[in-house]
Amino acid sequence: MIDYDKLISEKCKGLKPSGIRKFFEIATSVEGVISLGVGEPDFQTPWAIRRTAITALERGKTVYTANSGLLELRTAITSWLKRKINVEYNAADEVIVTVGGSEAIDLTIRALVNPGDEVLIPEPCFVCYNPIVALTGGVPVTIETREENHFRLTAEELREKITDRTKLLILPFPNNPTGAVMERRDLEAVAELLRGTDIMVLSDEIYSELTYTGSRHVSIAEIDGMRERTIVVNGFSKAFAMTGWRMGFSAAPAPVTAQMLKIHQYAVMCSPTVSQYAAVEALKCDAEVADMVREYNIRRRWVTNAFNEMGLTCFEPMGAFYVFPCIKSTGLSSVDFCEQLLYKYKIAVVPGDAFGDCGEGYIRVSYAYSLKHLKEALARIKEFIDGLK
């Protein structure tokens, strides 16, 4: 009899399952559930993108590409980044096309972090950073962001956590799950702290196009002195409604990109070829993205107001497609709140503590759903809240 417990990596055994997936395994067992939990656009991938993929298939463009991706796509990415964040990259040696933004995050952490290196992670945040750091032997160091600061990372909070072992700061903004954004003044304060150090920055900008501040997204890579210490991670899943196409990218200084590319070569070879051709077209679809963002903005305002009116205080999120209402007034833990809401009213949302311990007392609600869908779900949530009073 094989003792699998002895065979499996201790680091892997030490990882906690994703709090998001763990909860939705419960949700799938309940019939008739309305879900507000999945961070996936309800829009179809724009037709021009799908048509390009169909044409690529018809023409037999299904062989391997260069490890770093089609040069045509890498060139389009550098042009898009220049247009969007005013930072120039060399398509030949500073861009890698990855299997979603998630692979780009993994490549960055594995290329930079040695055992014992500390990685600063503002929380609440997406669930992947801490486990990937742990698998490298690095030390995840949590920075708790606060609702009174609209869940932004402040320079003061950052300063308190920097040590002589700090290797990497992860900046996950616009943020999942809170919807928080970092504006230029916030990033300049962070940059001022990092100048003169050897600390690198992983700037996860997957929601960069989904901002509602009235001005464009600002990347820390465009702040003076930060390009050379920043790895920008982005992708096509959220803004372009292309989750299943599994397309992302990294943009980083050539010496870092070279090391990331080695891992990518051995682990993946290259990203899906047909998806790469589709991604070239996607970067031309500003109008279609703008239409989706306008619809998200309508939903964002409606959902935020609805939660505040029912007594669950909710700061106004200015990015992504999530709200993060506080449920502390109910006296329930995040998990208890979500389980009761699921079983009694058949509404699925995500407990805030799935995104870090400081998310306790909150829930994540996605508004990547139709307004009709949202109104029915919020009506049931209000009924649940009223029944607790």
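What is the order of the strands in the open sheet of three strands? The order is β9-β12-β11, with antiparallel pairing. This is a predicted model, in which local features need pLDDT of at least 70 and side-chain atom pairs count only at pLDDT 80 or more, while totals for chains, interfaces and linings use all residues. Residues are numbered from 1 along each chain as its sequence is written, and side-chain values use heavy atoms, with hydrogens and water left out.

**The sheet**
- Strands are DSSP runs (E, at least two residues) numbered from the N terminus, and two of them pair if DSSP finds at least two bridges between them.
- The edge strands, β9 (322–323) and β11 (350–351), each pair on one side only.
- β9 and β12 run antiparallel and are joined by two bridges; V323 has V365 of β12 as its bridge partner.
- β11 pairs with β12 (residues 363–366) in the antiparallel sense over two bridges; V350 is partnered by R364 and P351 by I363.
- From β12, I363 and V365 point one way and R364 and S366 the other, and all are buried (under 20% relative accessible area, 1.4 Å probe, protein chains only).

**The nonpolar cores**
- A nonpolar core is a set of buried Ala, Val, Leu, Ile, Met, Phe, Trp, Tyr and Cys residues joined through side-chain atoms within 4.5 Å.
- The largest has 71 residues, and those with the most contacts inside it include L36, F240 and I381.
- Helix α12 (residues 286–309) gives the most to this core, with seven residues; a helix is a DSSP run of H or I, at least four residues.
- Leaving aside residues up to four places away in sequence, L36 touches residues including R364, V365 and S366 (heavy atoms within 4.5 Å).

Notes: Buried means under 20% relative accessible area, exposed over 50%, partly exposed in between (1.4 Å probe, protein chains only).
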